[in-house]
Amino acid sequence: IAMIFALIPMYNSTSAQDKGAFRIGFHTGYYFRAKAYSVGIYARYSIADWLNVEPGVNYMCKEKSTVDVYCDLQVLLEITSFWHIFPIVGISIHDIDTPPRPLEEMNPLIAESGLTMLDGWTPGINIGMGVYYDLSYRWRVSGQIKMLRRLPQGMHKSSIIMLCGIDYNF
């Protein structure tokens, strides 16, 4: 029991006073379902000391180039003053191995608008976990593993994404 109480302070929300911090970064990763390596850029803004928003774009390096545009929320949990873990939840739109299809299959209301094809773009939801380590005040390395749940789920399978990155604090 004493060990549990000793570990509780390690999982408090971050106290790094990071609110308002703006970071730009580069990451590389792998999309398992698409069997493709990716390179991407992202921006990370600290809405609060414990909450980040991260919009970004990943470009998959494969025969038919594909793009994943996303925006994730990250809730920071402090392990030490320079080591954090965070759950991830977000939204995505992408054209990963998605052939164009009639809009009636997606949503009858959209089909009534007169559009006939979605041109291969599919929305999705990101759910995952990440970790970052501060190399210095300006530089940080991070790793993430996310599940990209494609919508509508019946037409597409979920994909697992692993990302490693480095960012700079302005």
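This is a predicted model: local features need pLDDT of at least 70, side-chain atom pairs count only at pLDDT 80 or more; totals for chains, interfaces and linings use all residues.
Q: How many aromatic pairs does a search of the whole structure find, and what describes a pair of aromatic rings?
A: A pair is described by the distance of the centres and the angle of the planes. The search of the whole structure gives 8 aromatic pairs. For Tyr-168 and Phe-170 the ring centres are 5.2 Å apart and the planes stand at 85°, so this pair is edge-to-face.

Q: Is Phe-170 buried or exposed?
A: Buried means under 20% relative accessible area, exposed over 50%, and partly exposed in between (1.4 Å probe, protein chains only). Phe-170 has a relative accessible area of 56% and is exposed, whereas Tyr-168, at 27%, is partly exposed.

Q: Where is the place of Phe-170, and which residues does Phe-170 touch?
A: Helices (H or I, at least four residues) and strands (E, at least two) are DSSP runs, numbered from the N terminus. Phe-170 is found in the segment after strand E9 (159-169). Contact means heavy atoms within 4.5 Å. Not counting residues up to four places away in sequence, Phe-170 touches Phe-22, Ile-24 and Arg-138.

Q: How many salt bridges does a search of the whole structure find?
A: Side chains of opposite charge can pair when their charged atoms come close. A salt bridge is a side-chain nitrogen of Lys or Arg within 4 Å of a carboxyl oxygen of Asp or Glu. The whole structure contains 5 salt bridges by this search.

Q: Which residues are linked in a network of salt bridges?
A: The network links Arg-23, Arg-44, Glu-54 and Asp-167. Asp-167 meets Arg-23 at 3.0 Å, N to O. Since Asp-167 lies in strand E9 and Arg-23 in strand E1 (residues 22-31), the pair ties together parts that are 144 residues apart in sequence. Arg-44 and Glu-54 meet at 2.7 Å, N to O. Here Arg-44 lies in strand E2 and Glu-54 in strand E3 (residues 51-61), so the parts tied together are 10 residues apart in sequence. Asp-167 also forms a salt bridge with Arg-44, with the closest N and O atoms 2.8 Å apart. This pair joins strand E9 to strand E2, so parts 123 residues apart in sequence are tied together.

Q: Are Asp-167 and Arg-23 buried or exposed?
A: Both Asp-167 and Arg-23 are buried. Arg-44 and Glu-54 are buried as well. The relative accessible area is 0% for Asp-167 and 2% for Arg-44.

Q: Which residues is Ala-43 in contact with, leaving aside its neighbours within four places in sequence?
A: Ala-43, in strand E2 (residues 36-48), is in contact with Phe-22, Arg-23, Ile-24, Val-53, Glu-54 and Pro-55 on that basis.

Methods
Residues are numbered from 1 along each chain as its sequence is written. Side-chain values use heavy atoms; hydrogens and water are left out. Rings of Phe, Tyr and Trp (its six-membered ring) pair if their centres lie within 6.5 Å; planes under 30 degrees apart count as stacked, over 60 as edge-to-face and the rest as tilted.
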